[in-house]
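Morning, everyone. I have one structure to go through, so please bring it up on the screen.

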Amino acid sequence: MSEITKKTYALQAQTIIKALERRNMKGYYCDTCYEAVALADSLIEADSVVSFGGSMTLGESGVMEMLKSRKDITLLDRSNAKTPEEASKIYHDALNSDVYFMSSNAITLDGELVNIDGTGNRVAALIYGPEKVVLIVGMNKVVPNVDDGIRRVHNIASPANCVRLNRQTPCGLTGVCHDCLSPDCICSQTVITRRSGVKDRIQVILVGEKLGY
């Protein structure tokens, strides 16, 4: 990554952080994933119940590895479920967690979060439930406005995720959004977070690297 790109990311991040503050959310900027993981770690108190939403970013950044290494927290991890019933219980228990980790499909320069979900568990936790929600967001997901954010999800994130998950959707087969109602569709819920009802409940760690789709 060029030095100009790094400097631009840092400038954009400060603009977004100020916008997040106006929207009752807290923002941080980290140049690297290493710094972001250390910051995320510091936001979790001992004996916390922690959960997370499906996210390539959490894996690529190293946050998932950090969460699984913490022996002083209770980590609700649906990948450990042995039955669909156990997985469903973890989904619901996650809504009562102390800290919930996720990414955002897009974030605007004016501090609005754009997320599109299939099942809705991730956006449900963002909206209500966990005491604190921490988002790890690569600067590649910054967009000018909400409309561009939705277009980004439909044309970049959703096709890539459908390919990754082997979903038999039009975008998973062609790489192009068809605004489908396919049984495998992962675009069921569109949530725009323009403000947090509880001050600093939503905390966004912007990272000066390309993360996720």
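In which sense do strand E5 and strand E6 pair, and over how many bridges? This is a predicted model, by the way. The pairing of E5, residues 106–108, with E6, residues 113–117, is antiparallel and has 2 bridges. Across that pairing, Ala 106 sits opposite Val 114 in E6.

Both strands belong to an open sheet of 4 strands, ordered E8-E5-E6-E9, with mixed pairing. The edges are taken by strand E8 (142–143) and strand E9 (189–193); each has a single partner strand, so one side of each has no neighbour in the sheet.

Now to strand E10, residues 202–207. What is next to it in pairing terms? Strand E1, residues 26–30, runs parallel to E10 and is joined to it by 5 bridges. Within that pair, Lys 26 faces Gln 203 in E10. Strand E7, residues 132–138, also pairs with E10 in the parallel sense, over 6 bridges. There, Ile 136 has Ile 205 of E10 as its bridge partner.

As a reminder, side chains in a regular strand alternate between the two faces of the sheet. In E10 both faces are covered: Ile 202, Val 204 and Leu 206 are buried on one side, and Gln 203, Ile 205 and Val 207 are buried on the other. With 6 of its 6 residues buried, E10 is largely enclosed by the rest of the structure.

Next, helix H7, residues 146–164. Its 19 residues at 1.5 Å a residue should span 27 Å, and the end C-alpha atoms are 25 Å apart, which agrees. H7 does bend, by about 40 degrees, at Val 153. Val 153 is also one of the buried residues of H7, and others include Val 146, Gly 149, Arg 152, Ala 157 and Pro 159.

Rolling a probe the size of a water molecule over the atoms shows where empty space is left. Counting cavities of 30 Å³ or more gives 1, and the largest cavity holds about 60 Å³. Which elements supply at least two residues each to its lining? They are strand E2 (49–52), helix H5 (84–94) and helix H6 (121–127). H5 gives the most, with 3 residues. By type, the lining has 8 nonpolar residues, 2 polar and 1 charged. Among the lining residues are Ser 51, Phe 52, Arg 78, Ile 90, Tyr 91, Asn 121 and Ala 125.

That is what I had; comments are welcome.

Conventions:
Residues are numbered from 1 along each chain as its sequence is written. This is a predicted model: local features need pLDDT of at least 70, side-chain atom pairs count only at pLDDT 80 or more; totals for chains, interfaces and linings use all residues. Side-chain values use heavy atoms; hydrogens and water are left out. On a 1 Å grid over the protein atoms alone, a cavity is a set of points where a 1.4 Å probe fits but cannot get out, and a pocket is an open set with protein on both sides within 12 Å along at least five of seven lines; lining residues have an atom within 4 Å of a point. Grid points are joined across faces, edges and corners, and a volume is the space filled by probe spheres set on the points. Ala, Val, Leu, Ile, Met, Phe, Trp, Tyr, Cys and Pro count as nonpolar, Asp, Glu, Lys and Arg as charged, and the others, Gly among them, as polar. Buried means under 20% relative accessible area, exposed over 50%, partly exposed in between (1.4 Å probe, protein chains only). Two strands pair if DSSP finds at least two bridges between them. The expected span of a helix is 1.5 Å times one less than its number of residues. The bend at a residue is the angle between axes fitted to the seven residues ending there and the seven starting there.
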